[in-house]
Structure formats: structure tokens, C-alpha cells
Amino acid sequence: MKMAVFVVLLISLLSGIPSEALNVRGHLLKSKTFRSPAFSLGPGSVSNKYYHDIDFPRGHIALKSFDAEVVDEDGVPIPLHETYLHHWVAEPYYALKNIGEADEKKAPAMMARNDGVCKTTLGQYFGLGSETRHTATWVPDPYGIESGNPKKVPEGYEEKWMLNIHAIDTRGVADKPSCTECKCDFYNVTVDEYGRTISKNYTGGLYCCYDQTQCQLKEGFNGEVRKLFLQYTVTWLDWTDAVLPVKIYIFDVTDTAMLDGNADHSCKVEYQVEECSPEERANNVCTHVKTAKAVLPRGGDIVFGVAHQHSGGSGASLHGQDGRLLCESLPTYGTGKEAGNEANYIVGMSTCYPKPGSVKVSDGEVLTQVSNYSSDRQHTGVMGLFYILVAEPQQQTAPEPALCFSFPVPWCLPAWMSSNM
């Protein structure tokens, strides 16, 4: 009874406090909402742009979450069946100091990159797609993603952040799934964005839905061009010794490095799912399973995990060298029309938050990734990525919380307080 009363009081208390006033383990938790530069989309059009030096918290900080969605000029969320958010990624980089905005694109810059194995293609710190509204990005206490450490910035440079936003307008298109899966026939392209000829065996994917391409519209359809934004909320703490840093690892199920015996990871990012055979359909086994192995460079405790899949995905998992399950991430599909609940789209992916110290991985351990898709029909340009956050062993010194809540952000009671409930 005492516990129930306390929870009610806690909800009432927190609901009236701005996020900047919340404390995590005695440290001020800050949160701010920003918008990307505007991008314009007409029916069937594609925007895939990179924005440098975006608005972002400055200083030496511990990032706790990065949540985003597409909105219009009035801040109204845009549903996926109108504008499909193929993906967004956020990544820090080092730019030369005292350089004008006009010259920044010409000046040498260095991407900061995460610690994962696919650094040449998947270097982002944060990134999601259609599932962005209902997928947690919260980094649990006492951990944080370090940003703005002056000791890590090369001399003469400063840290900035960039966004890549890939969005496809599907209002009035001839076939929404074909447009969102970037089927080349519906985009009427034969060369990629660099002018290279697209192979005839490549039926759909990123090569065919690059910036300013156009997906086929229904005959006679007309619609307005509208200005949209990626609205993103960043939550952070000022860096202190109480924060334990985590490493970001991103694995790609298309990685063939271990199969090829190649030290360089061949992460192709996307792949194709063929329609199941009549025999498979008759036996109700229309599931395409793809696996890949990769070596984890440094071990520690997994404190967060989540997968990224496209429509048709039925879940993904990550396994240790001995076959043990490290994390499973399952999709939630929408059932309606409103933003965040769009039927037939993945609107969320479940996340793993292991109890601190309960899921350990070793230096050099071979991890196996599994990505499952429905093969009831063909799917092109699908993805099977897996993100994990790993805290190295020597960092495990802070006491773990005893009781946690998730409003308005995950929050924990100290052990002494929860034990008296």
C-alpha cells in the first residue's frame, strides 16, 4: 500500500517538473528539442541529405538519449504512409576551427565514428528508421555515451555533429511498398547517384532511391510540395567521474568478413529477401533467416541492445560464442493511420536492458547475429543491424539502482529508499 501511494505521488511530482530540473544520481539531467534544416518533398519524391554542424548540446557531456521524428512546419507529426522515414543517423565529427560555413564542405574533416566493426559504412552514434517513435534510446544509469571530451579532439579541430535524413514521400504513389523498398523499376533509374550503372541483378535498394529521385505516381495525381523537419530531443548530463562510459558497437548481418577470412569488414548494409517457394508456403515456413558472425574487439557488460529492420522483419537476435542469447529485439507493427501507429509499418523495436553485470562478453569473442524476415513476398533493400552498448569491466564500480521508473525518462530510486517501501 505504501509503495502504491509513493508511486502515485512520484508521478504527480515528476509530471509537473521540466526535464532540465530532473536529477539522476544527484546530477542535473538536461533535455532540449531541436529541428534539422528543412527538407522539401512533393508526392513520390526522395530526400537523402547530410546536414553538418547541427544544433546540439556543447561541452563535455554524457548523452543519455536521442529521440527523433518527422514533423511539419507546425510541429505536427507526419505519418509514415505519407512520408516514410527510411533512416536517420547522427554522428560527431571533427572540423577545423575558425572556418566559415561556406568553406566547411571543402575543408578536411574527420568523422569520430563508433567502436563497431563496420566503421566505413556504419559509424553513427545514433540511428533509426520507421521505428523511431517507439524505440527506446535511453542509456541506463550509471552509463553514458561520451561526447565533447576536449582530450579526444585533434589539435586545431573542434567537435560538431551531423545528421543524415533519408525520407520518401509516398502520397499518391502507384505502390507504397515498392517505393519504400526502393524497387528500381518504380524509380525508373539505371545509374546510381554517382553515375555508375546499376547491375541488372540489383532490383531494389539504396542505389535506386537516392536524393531527388522520383517514385512512380498514380496517373493524374497532384499534391503539394511541403516543408518538413526531423525534430529531435537530446537528453544529457554534464560529464562527471560518476558516469561510466560505454562503447557503441553496430553489427550488420550482411558482413562477410569471417566467411571470407578478410580482416576488412564487408558491411553492405542492405540485402534482398526472395519470395518463398511453393513447398515452403505449403508448409507455412515462409521465413527468411540470415546470419553473420563478427569478432567483438573489446568485451565487457552489455547494458543496452536493439535491432533495426524494415517492413517484413520479424525480429533479430545476437548470440555469444557458446550460443547463449545476448539480446533479442522484436518489431511492433502499427494497426491504424495516425502517426506512430501506421498499419503495416514497423513503428517500434523492443530493446534489451540487462541487469548490470548479467550479460557479459569477452575480448575477441565471436558473436552471431540472426535477422528474420517474412518471405511471403519479395523484399528489397532490407536491413539487419544490431546496436549494443558495452561497458568495459574495469568500469564496473558504481552501485546499481534498486528500483527504476520510465517517466518522463527512466529514473531510479536509490537502494536504501526502495528497501524501505
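## A tour of disulfides, a sheet and a buried tryptophan

With a torsion of 65° about the S-S bond, the link between Cys 276 and Cys 286 is right-handed. This pair connects distant parts of the chain, 10 residues apart: Cys 276 sits in the loop between β14 (270-273) and α5 (278-282), and Cys 286 in the loop between α5 and β15. Select both residues in this predicted model; their sulfur atoms are 2.0 Å apart. Cys 276 has a relative accessible area of 6% and is therefore buried. Cys 286, at 15%, also counts as buried, because the cut-off for that class is under 20%.

Next, select the remaining cysteines of interest. The structure holds six disulfides, among them the bond that joins Cys 179 to Cys 215, with an S to S distance of 1.9 Å. The torsion about this S-S bond is about -85°, so the disulfide of Cys 179 and Cys 215 is left-handed. Cys 179 belongs to helix α2 (residues 176-180), whereas Cys 215 lies in the loop between α3 (184-187) and β11 (226-238); the pair thus ties together parts that are 36 residues apart in sequence. Cys 179 is buried at 0% relative accessibility, and Cys 215 is buried at 1%.

Now move to Cys 182 and Cys 209, which form a disulfide with their sulfur atoms 2.1 Å apart. Here the S-S torsion is about 75°, so the disulfide of Cys 182 and Cys 209 is right-handed. Cys 182 is found in the loop between α2 and α3 and Cys 209 in the loop between α3 and β11, so that this pair links distant parts of the chain, 27 residues apart. Both Cys 182 and Cys 209 are buried.

Proceed to the sheet by selecting β15, β23, β17 and β18. These four strands form an open sheet in the order β15-β23-β17-β18, with antiparallel pairing. The edge strands, each pairing on one side only, are β15 (287-295) and β18 (325-329). On average, neighbouring strands of this sheet are turned by 15° against each other, direction ignored. Within the sheet, zoom in on β17 (residues 313-319), which pairs with β18 in the antiparallel sense over four bridges. Ala 316 has Ser 329 in β18 as its bridge partner.

Finally, select Trp 138. This residue is located in the loop between β8 (126-128) and β9 (143-147). Is Trp 138 buried or exposed? With 6% relative accessibility, Trp 138 counts as buried.

Note on methods. Residues numbered from 1 in each chain as written. Predicted model: local features only at pLDDT ≥ 70, side-chain atom pairs only at ≥ 80, totals over all residues. Heavy atoms only, no water. Pairing = 2+ DSSP bridges. Helix = DSSP H or I, 4+ residues; strand = E, 2+ residues; numbered from the N terminus. Axes fitted to C-alpha atoms, helices over the stretch in contact; angles between N-to-C directions. Buried < 20%, exposed > 50% of the residue type's maximum accessible area, 1.4 Å probe, protein only. Disulfide = S-S within 2.5 Å.
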